[in-house]
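Here's a quick tour of one model, with an eye on charge pairs, strands and surface. Have the structure open while you read.

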Amino acid sequence: MKAIVRTQYGPPDVLQFTEVEKPTPKDNEVLIKLYAASVNPLDLFSLRGAPLIRLIPGLRTPKCQVLGCDIAGRVEAIGGHVKQFHPGDEVFGVTGFAGGGFAEYVCAIEDKLALKPANSSFDDAAAVPIAAITALQGLRDKGRIQPGHKVLVDGASGGVGTFAVQIAKSFGAEVTAVCSTRNVDTARSIGADHVIDYTREDFRKSGQRYDLILGANAHHSIFDYRRALSQDGIYVLAGGGLPQIFQGMLLAPLLSRIGSKKTCFFIANINQKDLVFLKDLLEAGKVVPVIDRRYPLSDAAEALRYLEERHAQGKIVLTVEHSNGT
């Protein structure tokens with residue numbers, strides 16, 4: 001099969017579109033003929049490798065040579081213990097940290113998959129898993145969202161942010177989206193009640209207080225977000241620059257012990273139950289993936305370069321065309 005392969009850590013230039021062996025499913029795995037995959041910041045991190053890894057002899061060659069976690073396709077074969085899926089089923093989900101999704105075929109654990117929403121294309125379905133589950137768990141599990149809550153989504157135009165705005169609305173919240181000028185119309189189109197163009201207005205100076213702030217792409221300090229919370233409000237850091245992430249990891253637990261405002265940083269747990277929850281939202285029309293650009297699988301390097309520029313509106317998808325035209 002064809003796949004995007006890297007034999008060393010580095011920039012997107014190290015990726016090659018080449019032939020590799022088609023995988024065989026283990027007992028708890030499903031072999032999927034892929035039609036789409038989406039790119040995530042996790043892929044960029046895996047591509048370049050942690051600085052420490054690159055310095056240690058023997059770890060300079062990546063164990064996982066094919067990147068890609070978010071996938072959508074059709075079941076080709078199943079392992080001996082698989083009970084939920086059958087050949088021909090259309091599915092979406094994740095491969096996990098094993099990667100392998102930037103290819104024509106991939107194996108994935110049964111419990112990391114769900115049936116594809118009936119009204120979604122493969123492209124749309126592949127855009128969902130990591131970004132949408134991050135938004136869902138950040139709002140529902142960490143942010144304890146309730147109907148009528150005033151919710152601010154900072155970084156509302158990216159992959160997580162576009163899902164967060166729609167999911168928050170589905171819970172009955174009043175949503176304020178923070179984005180740049182070129183993304184204002186997109187934020188309104190996906191249901192934001194209020195839109196703040198951060199090039200013209202600073203939400204920190206508005207005096208408005210929020211029950212829940214989701215930092216989908218946080219740019220400010222944890223203290224700035226904390227000050228914008230209402231009494232008993234919660235700030236959830238789901239993504240951003242390294243300074244913000246380190247602040248969240250180190251300071252959030254300490255700050256949550258002071259007063260009634262809570263702060264937290266988390267990493268999403270991709271699971272089947274939440275994939276099914278999102279499937280229902282998509283089929284009900286309450287969530288519609290926002291896709292910025294589509295690239296053929298062979299142009300995965302270019303897709304990752306575009307993602308690295310940090311200006312994507314929604315998700316970036318790789319479409320997979322097989323040699324027999326299917």
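A salt bridge here means a side-chain nitrogen of Lys or Arg within 4 Å of a carboxyl oxygen of Asp or Glu. Keep in mind that this is a predicted model.

## Arg140 and its two partners

Let's start with Arg140, which pairs with Asp141 in a salt bridge; their closest N and O atoms sit 2.6 Å apart. Arg140 counts as partly exposed, at 24% relative accessibility. Asp141 is also partly exposed, with a relative accessible area of 39%.

Arg140 also forms a salt bridge with Asp274, and here the closest N and O atoms are 3.0 Å apart. That pair links distant parts of the chain: Asp274 is in helix H9 (residues 272-283) and Arg140 in helix H4 (residues 129-142), 134 residues apart. Is Asp274 buried or exposed? It counts as buried, because its relative accessibility is 4% and the cut-off for buried is under 20%.

## Strand S5 and its neighbours

Now over to strand S5 (residues 90-94). Of its 5 residues, 4 are buried, so the rest of the structure largely encloses this strand. S5 runs antiparallel to strand S4 (residues 70-78), and 5 bridges join the two. One place to look is Arg74, whose bridge partner in S5 is Glu90.

S5 is joined to strand S7 (residues 113-115) as well, by 3 bridges and again antiparallel. Here Gly93 stands opposite Leu113 in S7.

Which residue does Glu90 form a salt bridge with? Its partner is Lys116, with the closest N and O atoms 3.4 Å apart. Glu90 lies in S5 and Lys116 in the loop between S7 and helix H3 (122-126), so the pair ties together parts that are 26 residues apart in sequence. Glu90 is partly exposed, with a relative accessible area of 28%, whereas Lys116 counts as buried at 11%.

How many salt bridges does a search of the whole structure find? The search turns up 18. Some residues are linked in a network of salt bridges, namely Asp202, Arg204, Asp224 and Arg227.

## A nonpolar patch on the surface

Charges aside, there's a nonpolar surface patch of about 460 Å², made by Leu242, Phe246, Met249 and Leu250. Leu250 belongs to helix H8 (residues 242-255). With 60% relative accessibility, Leu250 counts as exposed.

Definitions and conventions: Residues numbered from 1 in each chain as written. Predicted model: local features only at pLDDT ≥ 70, side-chain atom pairs only at ≥ 80, totals over all residues. Heavy atoms only, no water. Patch = residues over 30% accessible without salt bridge, like charges linked within 9 Å, V, L, I, M, F, W, Y side chains within 5 Å. Areas by Shrake-Rupley, 256 points an atom, 1.4 Å probe, with all protein chains shown as cover. Buried < 20%, exposed > 50% of the residue type's maximum accessible area, 1.4 Å probe, protein only. Pairing = 2+ DSSP bridges.
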